[in-house]
Amino acid sequence: MKKYKIQQSPFVVPTTDGKLIEEHWGNSTGNSNISIAHMVAPPNWSEPHQTPEFDEFTLIISGKKQFEIDGEIVVLEKGQSILIEKGARVRYSNPFSEECEYVAICIPAFSMDLVNREE
């Protein structure tokens, strides 16, 4: 038996806000301890504040992404990364004129039950 798996067809998460989410590993593949997703946020995209019960790492591939973390604004650009620890109140957005491509890793895996999004 092989000691590896290759992901050739990530789960494309349905969205209504124009954001592309391709989950390579996570709850969609039976891996509840980690999720790894490739994402593309369109210009002027944002989502509500949330207080996740998971740590989230983000690596920016291209463009810029804005993070509002416990009231502080942080902007990352290509080649930069961040760890946002579970329990932080965070709002992700791309208020810029170009799309932002990035990789997100959540430990444990992202789930709607653990994200605690505000209305």
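Reader: Is valine 90 buried or exposed?

Author: Keep in mind that this is a predicted model. Burial is read from relative accessible area, with under 20% counting as buried. Valine 90 has a relative accessible area of 1%, so this residue is buried. Valine 90 lies in strand S9.

Reader: Which residues does valine 90 touch, not counting those up to four places away in sequence?

Author: The contacts of valine 90 are Pro48, His49, Gln50, Pro52, Glu68, Ile69 and Ile84. For a view along the chain, take glutamine 7, which is 83 residues from valine 90: the C-alpha atoms of the two are separated by 29 Å.

Reader: How many aromatic pairs does the structure hold?

Author: There are two aromatic pairs. To read such a pair, look at the ring centres and then at the angle between the planes, where over 60 degrees counts as edge-to-face. The rings of phenylalanine 67 and tyrosine 92 have centres 5.6 Å apart and planes at 80 degrees, so this pair is edge-to-face.

Reader: Which parts does that pair tie together?

Author: Phenylalanine 67 belongs to strand S6 (residues 64-69) and tyrosine 92 to strand S9 (residues 90-94), so the pair links parts that are 25 residues apart in sequence. Phenylalanine 67 is buried at a relative accessible area of 0%, and tyrosine 92 also counts as buried, at 3% relative accessibility.

Reader: What lies over the face of phenylalanine 96?

Author: For a charge over a ring, check the distance to the ring centre, which must be within 6 Å, and the angle to the ring normal, within 35 degrees. Here lysine 64 lies over the face of phenylalanine 96, 4.4 Å from the ring centre.

Technical notes. Residues numbered from 1 in each chain as written. Predicted model: local features only at pLDDT ≥ 70, side-chain atom pairs only at ≥ 80, totals over all residues. Heavy atoms only, no water. Phe/Tyr/Trp six-rings, centres within 6.5 Å; stacked < 30°, edge-to-face > 60°. Helix = DSSP H or I, 4+ residues; strand = E, 2+ residues; numbered from the N terminus. Buried < 20%, exposed > 50% of the residue type's maximum accessible area, 1.4 Å probe, protein only. Contact = heavy atoms within 4.5 Å.
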